[in-house]
Amino acid sequence: FDTHYRLWLNALPPAVLTELSEYYNHHELRAILKNFYDNRSIVFNGKNTDDTALTALKTHAIVFLKTLQAAFHERGLFSFDDLEHLAQSILKDHPAVTAHLQKRIRAFLVDEFQDTSQIQWEILLALVGKDWSRLFVVGDPRQSIYAFRHADVRLFTDVTETICYCNGRRVLLSANFRTQRALLYRLNSFSKMLFNDSAT
């Protein structure tokens, strides 16, 4: 990362460097670029913000991000985020592959569904196709902890409603075999202050 960062920095026109230095010092700039790279799918596809400085930096950073990504890919190095987007691209651009997988997989069981991200859902949706009777998801919105990895807890409610619309069933699991009743009561009482009815 640092080698490519220095090369990118040295290649920037003096006017751009002057502009960026008005907003960020060296350490801040490197940290933001690192964050951009870790979340590059959002940077590539996201809209500009109201933050003029951040929008300007993003515009200049796109070249750096794509160059760094290509350098890693050439060495056979792919992040988890890369693999998700590559899988999505294959399913989108190669219908024959998607059709082949749809025929081979008889059922889909997704545990911890509350921590599913939008791209993961799109991959799964491509594989499920039109036959939602093959889909079985398990989860608890109150246990969603992967927002930092782009998990979207709203998917749980949306997908549950669609499953029911497609003649599926929603089953509430009310029996607990690993928590004492008193502790469970306290936790449920506390969670009611944090979650609305859609999370139950």
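Trp132 is buried, at 16% relative accessibility (buried means under 20% relative accessible area with a 1.4 Å probe, protein chains only). This is a predicted model, in which local features need pLDDT of at least 70 and side-chain atom pairs count only at pLDDT 80 or more, while totals for chains, interfaces and linings use all residues. Residues are numbered from 1 along each chain as its sequence is written, and side-chain values use heavy atoms, with hydrogens and water left out.

Aromatic pairs
- The structure holds ten aromatic pairs; rings of Phe, Tyr and Trp (its six-membered ring) pair if their centres lie within 6.5 Å, and planes under 30 degrees apart count as stacked, over 60 as edge-to-face and the rest as tilted.
- One of them is the tilted pair of Phe113 and Phe156, with 6.4 Å centre to centre and 50° between the planes.
- Phe113 lies in the loop between strand 1 (108–110) and helix 8 (118–128), and Phe156 in helix 9 (residues 154–165), so the pair ties together parts that are 43 residues apart in sequence; helices (H or I, at least four residues) and strands (E, at least two) are DSSP runs, numbered from the N terminus.
- Phe113 is buried at a relative accessible area of 1%, and Phe156 is buried at 11%.
- Trp121 and Trp132 form an edge-to-face pair, because their ring centres are 5.6 Å apart and their planes stand at 75°.
- Trp121 belongs to helix 8 and Trp132 to the loop between helix 8 and strand 2 (135–137), so this pair joins parts eleven residues apart in sequence.
- Trp121 is also buried, with 8% relative accessibility.

Ring cluster
- Phe1, Tyr5, Trp8 and Phe64 are linked into a cluster by ring pairs.

Note on methods. Buried < 20%, exposed > 50% of the residue type's maximum accessible area, 1.4 Å probe, protein only.
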